[in-house]
Amino acid sequence: MARRLRLAAPLSAALALAACGWHLRGEMPGTKLENTLYLSGITNKNPFYGDFNQTLNNLGGALAPTPGLASAVVHITSAAHTRRPITLSQQGRANTFDLTYRVVYDVRSPKGEILIPQQELEIRRDYFNDQTTPLGQGYEEDMYRQEMQKEAARTLLRQVSYTLRQQRKTANPT
């Protein structure tokens, strides 16, 4: 009896959320054309390209093979990591670091109209390393960098999605 009660609570919460129309934040607009973006400025060998593509696919979108087949062209001017020491240990070695991932981009329509002027998206993380495990430090820093790239891709897609939705609302007021 207690087991059934424990299962009933999460099930009823899920049904209530489904019934009220709740959905995840950051969905892409409705039609296939609106879900198709073109990414320029970086190659498919750049890790950000893969994160952007995967995030777009997870939201039901796709990268267009040419700018003319997309609802928007996202041009990446630069995408780079920087690392800066913040504090030093008693031995004079850096033990706290500031990691920054900066993406400079603009978004245009396939016709070249500016939808989002050039902006800078910055993701920052601080992390402490006590210098006892140098191999672990490299692994930890790589994990931070990967997560920062994924967060930048999600944030950029939310901004593009919002802009496309606003553009659609102004073009088709109902």
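Which side chains are joined by a polar contact of 2.5 Å? They are those of Y127 and E141, a polar contact being a pair of N or O atoms within 3.5 Å, where within protein one must be able to donate a hydrogen and the other to accept it, and residues adjacent in sequence count only if both atoms are side-chain atoms. The model is a predicted one, in which local features need pLDDT of at least 70 and side-chain atom pairs count only at pLDDT 80 or more, while totals for chains, interfaces and linings use all residues. Residues are numbered from 1 along each chain as its sequence is written, and side-chain values use heavy atoms, with hydrogens and water left out.

The chain has a mean pLDDT of 82, and 76% of its residues score at least 70; pLDDT is the predictor's confidence in each residue, from 0 to 100. Three helices and five strands are present, in the order α-β-α-β-β-β-β-α from the N terminus. Helices (H or I, at least four residues) and strands (E, at least two) are DSSP runs, numbered from the N terminus. Where pLDDT is low, the predicted coordinates should not be read in detail.

Of the 174 residues, 34% are buried, that is, under 20% relative accessible area, with exposed meaning over 50% and partly exposed in between (1.4 Å probe, protein chains only). Contacts are defined by heavy atoms within 4.5 Å. Among contacts between residues at least 6 apart in sequence, 66% join residues at least 24 apart.

The largest nonpolar core has 30 residues, of which F48, F52, I76 and L156 touch the most other members. Such a core is a set of buried Ala, Val, Leu, Ile, Met, Phe, Trp, Tyr and Cys residues joined through side-chain atoms within 4.5 Å. At least two residues of this core come from each of β1 (36-40), α2 (47-58), β3 (72-88), β4 (94-108), β5 (114-128) and α3 (134-171). In soluble globular proteins, nonpolar side chains tend to be buried together. Leaving out residues up to four places away in sequence, F52 touches L37, L39, L63, V74, A153, L156 and L157.

At its start, a side-chain oxygen of N46 lies within 2.8 Å of the backbone nitrogen of F48. The buried residues of α2 are F48, Y49, D51, F52, T55 and L56. They lie on the same side of α2 because they cover an arc of only 165 degrees around the axis, the arc being that of the directions from the helix axis to the C-beta atoms. After α2 comes G60, whose phi is positive, near 90 degrees.

Q149 belongs to helix α3 and is buried, with a relative accessible area of 9%. Beyond residues up to four places away in sequence, Q149 touches P47, F48, D51, H81 and Y101.

S40, in β1, is buried at a relative accessible area of 15%. Its C-alpha is 4.7 Å from that of H75, although S40 and H75 are 35 residues apart in sequence. Apart from neighbours within four places in sequence, S40 contacts V73, V74, H75 and I76.

Y127, in strand β5, is also buried, with a relative accessible area of 3%. With residues up to four places away in sequence not counted, Y127 touches R83, N95, T96, F97, L99, Q137, E140, E141 and Y144. The C-alpha atoms of Y127 and I86 are separated by 9.5 Å, and the two residues are 41 residues apart along the chain.
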